[in-house]
Amino acid sequence: MDQAMVNVNWCMSLLSGLASAGVTRVVISPGSRSTPLVIAADLHPALNCHVLVDERSAAFFALGMAKSLGLPVALVCTSGSAPANWYPAIIEASQSFVPLVLITADRPWELQSCGANQTIDQLKLFGDQVNSFHALPPAEASPTSQSRLHSLGRQLVTESLWPSAGPVHVNMPFREPLVPAQPGIDAVVPEVSIPQLPTVLLADQLLEFLGAAISGKRGLILCGPGIQDKGFAAEVARLATKLECPILADPLANLRCGRHDKTFVVSRYSLFLGDHNALDGPDWIIRFGAMPVSRALQNYLAKCDSQQFVVEHRGRWPDPLNQADQVLHASPVALCEQLCDLDLQPAHSSWFDLWLGHEIYCDRWLNSAGTGRPAEALLIQQLLSILPNYSLLFSGNSTAIRYLDCYAGRADKNLEITGNRGASGIDGNVSSFLGLAAAFTGKGKAVAFMGDLAFFHDMNGLAAAKGLNAVIIVNNNNGGGIFAQLAQKDLPGYGRYWRTPLDLDYADAARLHGLPYHKLEDVRRFDVVLKQALAEDGVSVVEVITEADRSTRLHQQLLATVSNRGSD
């Protein structure tokens, strides 16, 4: 057998192992040295291939798709600087527990360290950002080696999921020739067996200690991003009901919307937690997921003299405030179930009533504020009202997620709200969203809400829009509007170094990719334009012009109004 076919069979063995463990999607960027991988992926009957020229965009697209599927997506690229373009997405995947299988093509050992073109040291290229790394030898025809490759494929999927989900990397050198004379090959559809992950239960002694610490006392349940356990919303709501304590739910915790019991869910805490005197500290705090985005909540927690427990079953230490009395190694749903089985007593009803009173006041104020609200408040309220049931909402970072946190209240509508909060970057937001949209199977619509800098940073990602059906809402406040809320706004070089206005016409970006485009300068017409965009085929871009300084001023006035309301 010629070397080219040996290469292809070698790749087919690995890909079949991946497919047998549940991998169905491969995202490919073109190149020469990766040809055997591309041929094998294209010929494999169980794999669906997506082609994106820009490696950085491809990696974020794969990340978004893996988030939606809950299973790893494979990435393939050629050698040299190509895989280095994956790095920002790999960091995000590592920090936000998203499984990816990174397959880099490489030159064989005899072309290393001798000046060969498009050749760099790719061994452990991504350092500690990956769960595992495997350096393969050049392809060989040995049945034993090919059997091990199939097994390695299954191993890679498991390593990408457990004990902490994240990316894994395999480096594959290939000798020439790369293109076989007859590339046809018989590939068998494998029997699929997805790795089953264990449930982590809290030890009985620690469970009894926790129960005694929270029973009958004033408590808070905090829920941040990254809680992926199915059934968590219902179980944490049951626990809050038993304890009669508030659930402070970050918008990405997916507790504010849905048909589960939201009686104890509080969503307006970012607006009223500046009023520390009116809200005494709790006796205990239990946090699920990552730290919520709210700075007001973080400041409040830093001043609380409470027993604090952080639930984390993936081996990380998620305690940026350095206040955790215990890190509880348990699966979130399982821990809620364990606690509900104990004989726990509720807190006095006045504890939750205090939080509920603030929540109701903020709801009423926002409903009556009219033009006294920031433009983003109206955008978000109308967006959540108009979005069809069972839709997907992707939030960009910076001001987008912060305004969403403040102004997205509770709703019975089933919405999945997500974002890239692992490293919280503005890079790759368009590509990540379109990857989510490509794998989205809900009855509603996939919609993104992001700032103009995030959109600008990833305009190459629009190349992935072909064949998809989604809406991208760009809140264009002409630069880094987040800095209007930070201390940098008072520095002499604020505009040049931080605000960085771009003064771009994003209609040209939409036109370049043949996408429907709407520009809106009067936010009061947002509902009309949004309904039109939701009805269009393809990926529509809605650019909304807002003023960062005005929004910041109105937002600060709102916070002052809430903080000064007293204890009524």
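Is R268 buried or exposed? With a relative accessible area of 6%, R268 is buried. The model discussed here is predicted.

## R268 and D363

R268 forms a salt bridge with D363, at 2.8 Å from N to O. R268 sits in the loop between strand 9 and helix 8 (269–272), and D363 belongs to helix 11 (residues 349–368). The pair therefore ties together parts that are 95 residues apart in sequence.

D363 has 22% relative accessibility. The cut-off for buried is under 20%, so D363 counts as partly exposed.

## R256 and D405

A salt bridge also joins R256 and D405. Their closest N and O atoms are 2.9 Å apart. R256 lies in the loop between strand 8 (247–249) and strand 9 (265–266). D405 lies in helix 13 (residues 399–407). Parts that are 149 residues apart in sequence are thus tied together by this pair.

Both partners are buried: R256 has a relative accessible area of 3%, and D405 has 2%.

## E110 and R175

How many salt bridges does the count come to? The count is 13. One of them pairs the side chains of E110 and R175, at 2.7 Å from N to O. E110 is in the loop between strand 4 (100–106) and strand 5 (133–135). R175 is in the loop between strand 6 (167–173) and helix 6 (204–214). Here the parts tied together are 65 residues apart in sequence.

E110 is partly exposed, at 34% relative accessibility. R175 is partly exposed too, with a relative accessible area of 29%. In general, side chains of opposite charge can pair when their charged atoms come close.

## Helix 3 against helix 14

Two packed helices are described by the angle between their axes and the distance between the axes. Helix 3 (residues 55–69) and helix 14 (residues 429–439) have axes that come within 6 Å. These axes cross at roughly 45°.

Helix 3 contributes S57, F60, F61, L63, G64, M65, K67, S68 and L69 to the contact. Helix 14 contributes S431, S432, L434, G435, L436, A438 and A439. By class, the contact has 9 nonpolar, 6 polar and 1 charged residues.

Methods
Residues numbered from 1 in each chain as written. Predicted model: local features only at pLDDT ≥ 70, side-chain atom pairs only at ≥ 80, totals over all residues. Heavy atoms only, no water. Axes fitted to C-alpha atoms, helices over the stretch in contact; angles between N-to-C directions. Helix = DSSP H or I, 4+ residues; strand = E, 2+ residues; numbered from the N terminus. Contact = heavy atoms within 4.5 Å. Nonpolar A, V, L, I, M, F, W, Y, C, P; charged D, E, K, R; others polar. Salt bridge = Lys/Arg side-chain N within 4 Å of Asp/Glu carboxyl O. Buried < 20%, exposed > 50% of the residue type's maximum accessible area, 1.4 Å probe, protein only.
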